[in-house]
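Hi everyone, thanks for coming.

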Amino acid sequence: AYLELSNDKWTFVAGQYWDIISPLNPFTLNYPVMWGGGNIGYRRPQLSVAHRIKTGKTLLTFQAGVFRTISGDLDNDGIDDGTEEGAPTLQGRIAAQFPFKNEGSIQLGISAHSGKSKGAVDYDSNSINLDLSLVFSKRLTVLGEFYTGKNMLPFFGGIVQGVNAALQKEVESTGFFATIVAGLTPKLKLNTGYGQDKPDEKTLSTGNRSQNQIVFANLMCSLSKAVSFGFEIYHVATDYLGTDSQN
């Protein structure tokens, strides 16, 4: 549950809602969020605020908030280590949107987070992220995200690996995804994209997931405003440190 208060310039959110960082999602049918494949971001309890400023034709958005720190019970004492830390995770984002040609627009955002967990071993979690949306026309959109950070399991990065317990260090990782949305006809849409999530091998042990790559393409047909159907080809290739890859 969450509460949202909003007008043209301000939005306040309290409760369980989406992260501020990396707000975009690829248009897939198999797994819409494509976590572990280059896209990050989750929903969690928060208090956040967004402020929008219109300067000429440019729209600036400033977002910030405090979020519940979720890390899991790494020391098996029955308490989530993020809760035991007793301090929230901080998130923030700045974005600019401006017109592009006749019907298009460009939106570029930069975001970051920082948090800590407390247990038998204390760990940090942080990231820096970019998001880009290019609307060329009503029928063609290109969007994507890039992130780099460490201990990204709470945000479904690092191929869902946050901490290497054997090395007692955070898993560092980098990932991205890009998607093209093309309207072939008013009722037929083609979505295709690629995503990659790659942890730093220096923070991994043998057998850990070292790279995820995802390629997808789908056709969506709208029968009406309420009914649509689609067909998708979705391929995932996972590499493991020191062992064979899986497809």
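About 370 Å³ of space lies in the second largest pocket. A pocket here is an open set of points on a 1 Å grid over the protein atoms alone, with protein on both sides within 12 Å along at least five of seven lines. Lining residues have an atom within 4 Å of a point, and a volume is the space filled by probe spheres set on the points, which are joined across faces, edges and corners.

Of the 23 residues lining this second largest pocket, Phe-27, Val-181, Lys-189, Asn-191 and Met-220 are the closest to its centre. By class, its lining has 10 nonpolar, nine polar and four charged residues; Ala, Val, Leu, Ile, Met, Phe, Trp, Tyr, Cys and Pro count as nonpolar, Asp, Glu, Lys and Arg as charged, and the others, Gly among them, as polar.

A word on the source: this is a predicted model, where local features need pLDDT of at least 70, side-chain atom pairs count only at pLDDT 80 or more, and totals for chains, interfaces and linings use all residues. Residues are numbered from 1 along each chain as its sequence is written, and side-chain values use heavy atoms, with hydrogens and water left out.

On to the largest pocket, at about 430 Å³. Tyr-17, Asp-19, Ile-20, Pro-23 and Gln-63 are the closest to its centre among 27 lining residues. The lining divides into 14 nonpolar, nine polar and four charged residues.

Finally, there is one cavity of 30 Å³ or more, a cavity being a set of points where a 1.4 Å probe fits but cannot get out.
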